[in-house]
Amino acid sequence: MENIKVVHSMSMTRGCDKTGAVPPTRNAPALRGATVRCVGVGRTYPAVGRTPAVLALDGIDLELMPGTITVLIGPSGCGKSTLLRIIAGIDSSTVGSVRIDDESADLARRDKRFGFVPQAPTLLSWRSVRDNVRLLTEVNNGRSSPSGRSTDAEIDELLDAVGLRAFADARPKTLSGGMAQRVALARAFALRADVLLLDEPFAALDELTRAEMRNLLCRLWRERSTTVVFSTHDLDEAVLLADRVIVLSGRPGRVVADVAVGLERPSPDGLEETPKFLTALAIVRAALRTAS
Amino acid sequence: MRRINWVGAVRLIAAPFVGLAVFLGGWEGLVRGFGIDSFKLPRPSTIIRYIAGHLSSYWFDAWPTIKVSFIGFLVAFAVAFAVASMCAQSAFLERAVSAVAVLVLVTPLFAYGAAIVLWMGFGNRPIIVMVAVVCFPPLLFNAIGGLRDVDPLALELLRSVHASRWEIYRRLRVPSSVPSLISGAKVSAGLAIVGAVIGEPWAFVDRGLGVLIRKLAAAGIVEGATPLWGSIFVLGLIGSFAYLAISGIERAALHWHGTTPRSSGR
């Protein structure tokens, strides 16, 4: 099937530049973060035993501008997680390349330029909440990202920001699912990474907690602006968070639509009832239907 | 505030004592009820009285057994952890080492005890080696499992900041393996005493419960079975203390680890 790969510019939202990338919203901070460029990225998993080789991703071309939030959405198995892992340098593409500014993904990973939030909070049970937030900054003798390493005071500030200062010395088993995910967010931001990659981080949470987590993410992003790439199954979540929604087709994952959104963030009350939101949602839903 | 369920706690502590009391009471009743010759099978009350009257002589033989069991166990633990740490980095090495460990596991210690004594000579050294050999496989398998089976997402997370193998080992693999290591230690603690008791007669040492049991078994025809059963009870006590000590360590370690000890929960 021929890829649609059309940038759906929405009249009520900000426009896109030539690459389809969207400049940050009015209420976003000055541009920081890094440019993420994917050129012809493809990933084939080799045959194992009787299982044939699987083409997971095919010909992904993307340019994500610094300080923007891009949401990847698509049917299950479309390769969202694979793409995130390739961008993070923890998986490699079989064809094509990923550049973070002028660096390869692997070099950027060495420089701790990625903050990664996996599907589950993945907190180490034997470390306190504070020590979990500090974990990634300690790795490799505390080698820091180009933006520097968070000090202990900044770690405490982050804990304040996610509302968990009182739990700093608590163990993860005493936290609820939402609290644990807030620790995971703080851990990613503690790296002061240029690129934050979130792999369906709120999937296991209830709707109220998800809304709370979205607002928290937007608040942290505004304060410490990085380039955010976020994967989700949830249409509302995609539209509420994104500057751009990238719609991937079913396996093999290809970009079938690139929708510029950029609603006000964090979402004010009643945003979901506004024509802006509903129109954006309809466009992404239509693109997703095509993708499926 | 956390409320303590006192009834539940008392039931939990009392359960093993109740079990023991029922077992020993049943034994006592059986010997009395069926009029079994106490020369051949003494009553538990007789055995306990006998131990109480000969405490110092039992301790004289128990201490060397405890010592060699403990040293052998520590040697096995250190070697198993070191080997498992290497195996956790290489699936090939794991399979190669596991093959040898299985061979050790399925060969009865009794069979190669004499060979170890022939190689190392008499004394405590061959006993320590026998204890270490018998403790090694369960410690190794549990250590490999614990070091290898870490949360894949945590592994990915550390890789996202280019953590080296050493960083992953010390920050993730070792702490993750604590519950498995303790499970292995629980099994091996009992095996350590078995190894020492089997090894002592082979190594021709002067003291030890293994030596005592051998002597008392021979003397039993004349003196009756009570002293022999006394040494068996003492062995059981030592094994129980070892188990309780490791359970205590387990509680402390799992509290630190942030996980909960397995419990029947009924």
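Two strands count as paired when DSSP finds at least two bridges between them. The views below show a predicted model.

**View 1. Strands β5 and β6 of chain A pair side by side.** Strand β5(A) covers residues 95-100. Its pairing with β6(A) is antiparallel and rests on two bridges. Look for Ile100(A): its bridge partner in β6(A) is Glu103(A). Strands of a sheet pair through backbone hydrogen bonds, in a parallel or an antiparallel way.

**View 2. Four strands of chain A form an open sheet.** Read across it, the order is β3-β2-β5-β6, with antiparallel pairing. The edges are β3 (54-64) and β6 (103-104) of chain A, each of which pairs on one side only. Helix α1(A), residues 80-87, packs on this sheet. The helix touches β2 (36-45), β3 and β5 of chain A. The directions of α1(A) and β2(A) make an angle of about 120 degrees.

**View 3. Leu172(B) sits in helix α8 of chain B.** That helix runs over residues 165-203. Leu172(B) has 1% relative accessibility, so it counts as buried. Beyond its neighbours within four places in sequence, Leu172(B) contacts residues including Leu124(A), Trp126(A), Val150(B) and Leu158(B). Gly33(B) is 139 residues away along the chain, and the two C-alpha atoms are 59 Å apart.

**View 4. His257(B) belongs to helix α10 of chain B.** The helix spans residues 226-257. Is His257(B) buried or exposed? Its relative accessible area is 4%, so His257(B) is buried. Leaving out neighbours within four places in sequence, its contacts include Ser125(A), Trp126(A) and Arg171(A). From chain B, Pro175(B), Ser176(B), Val178(B) and Pro179(B) also touch His257(B).

Notes. Residues numbered from 1 in each chain as written. Chains lettered and ligands numbered in written order. Predicted model: local features only at pLDDT ≥ 70, side-chain atom pairs only at ≥ 80, totals over all residues. Heavy atoms only, no water. Contact = heavy atoms within 4.5 Å. Axes fitted to C-alpha atoms, helices over the stretch in contact; angles between N-to-C directions. Buried < 20%, exposed > 50% of the residue type's maximum accessible area, 1.4 Å probe, protein only.
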